[in-house]
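Please look over the sequence and the model below before reading on.

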Amino acid sequence: MNESGDRIVDTAEGAVARVVGAGTPQTTGSFRFWFADQRWEWSDEVAAMHGYAPDSVTPTTELLLAHKHPEDRDHVAEAIEKSVRNAEPFCSRHRIIDTAGALHHVLVLGDTMTDKDGTVVGTAGYYVDLTTAIAEERQDLLDGTLPKLFRARALIEQAKGVLMRVYRINAEQAFHVLQWRSQETNVKLRDLAAQLIAEIDHLPPAPPAVQTAFDHMLLTLHERIPKS
């Protein structure tokens, strides 16, 4: 196993503990996916998101797809197929249904996994369960240990807005993702937000059709504002 993949999985348990606290439901877990034979590994936390006890079932592509919400299953299957075809990370935001029938909104973030020769052999990363709101005690801890974070509120709000648009999540979920990355990397949240805003301009521009649709929406917003 490559060092990068080992690091991702080895730090997942610590990341979960730091983000959600001991004794609370696990909301972050790790996974590995090998392209050649489409072999999956998932952490106990990801198994729990799907309703399984640790080591009680072997994850497969078929099993994972069976747990996807029917409206999300096709696009997740397409994302997996694209990941294998292009040797690129598997990333997605979708809904899963656990063995008890409970619905979970999850964000899957992946990175490439390479062998010793540098050849991409798979993807490894995290499942983030966005269903459960941040516990009040975790917010209180954040208020006490990172007071400067809130003095940079405007910058963090910008970063939240980027995540909300890209991943189509709400404001609380976007903050949860930023907080998780802050805890996982041991980097102040405001610094992550600043770097995200600094690098966003390096992404490819929106396709012309999207730009045109946005232009139209912006120029006609006033026509759809409800009258008070």
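Which helices each supply at least two residues of the lining of the second largest pocket? They are α8 and α11 (208–219), where helices (H or I, at least four residues) and strands (E, at least two) are DSSP runs numbered from the N terminus. This is a predicted model, in which local features need pLDDT of at least 70 and side-chain atom pairs count only at pLDDT 80 or more, while totals for chains, interfaces and linings use all residues. Residues are numbered from 1 along each chain as its sequence is written, and side-chain values use heavy atoms, with hydrogens and water left out.

A pocket is here an open set of points, on a 1 Å grid over the protein atoms alone, where a 1.4 Å probe fits, with protein on both sides within 12 Å along at least five of seven lines, and its lining residues have an atom within 4 Å of a point. Grid points are joined across faces, edges and corners, and a volume is the space filled by probe spheres set on the points. The most is given by α11, with four residues. The lining of the second largest pocket divides into eleven nonpolar, one polar and one charged residues, with Ala, Val, Leu, Ile, Met, Phe, Trp, Tyr, Cys and Pro counted as nonpolar, Asp, Glu, Lys and Arg as charged, and the others, Gly among them, as polar.

The largest pocket, with a volume of about 540 Å³, is lined by 17 residues, and those nearest its centre are Leu163, Tyr167, Leu178, Arg181 and Leu196. Two or more lining residues come from each of α8 (153–167), α9 (171–185) and α10 (189–199), and α10 gives the largest share, five residues. By class, twelve residues of this lining are nonpolar, three polar and two charged.

Consider next α9, whose 15 residues reach 21 Å from first C-alpha to last, close to the 21 Å expected at 1.5 Å a residue, the expected span being 1.5 Å times one less than the number of residues. Its buried residues (under 20% relative accessible area, against over 50% for exposed and partly exposed in between, with a 1.4 Å probe and protein chains only) include Phe175, Leu178 and Trp180. At its N-terminal end α9 is capped by Asn170, a side-chain oxygen of which lies 3.2 Å from the backbone nitrogen of Glu172.

Most residues other than glycine have a negative phi. Arg168, in the loop between α8 and α9, has instead a positive phi near 55°, and is exposed at 58% relative accessibility. Asn186, in the loop between α9 and α10, likewise has a positive phi, near 60°, and at 71% relative accessibility is exposed.

Two buried residues complete the tour. Phe33, in strand β1 (residues 28–34), counts as buried because its relative accessibility is 0%. Contacts (heavy atoms within 4.5 Å) of Phe33 beyond four places in sequence include Trp40, Ile80, Val84 and Met113. His69, in the loop between α4 (61–66) and α5 (73–86), is buried at a relative accessible area of 15%, and touches Arg95, Ile96, Ile97 and Leu103, residues up to four places away in sequence not being counted.

Note on methods. Polar contact = N/O pair within 3.5 Å; in protein donor to acceptor, adjacent residues only side chain to side chain.
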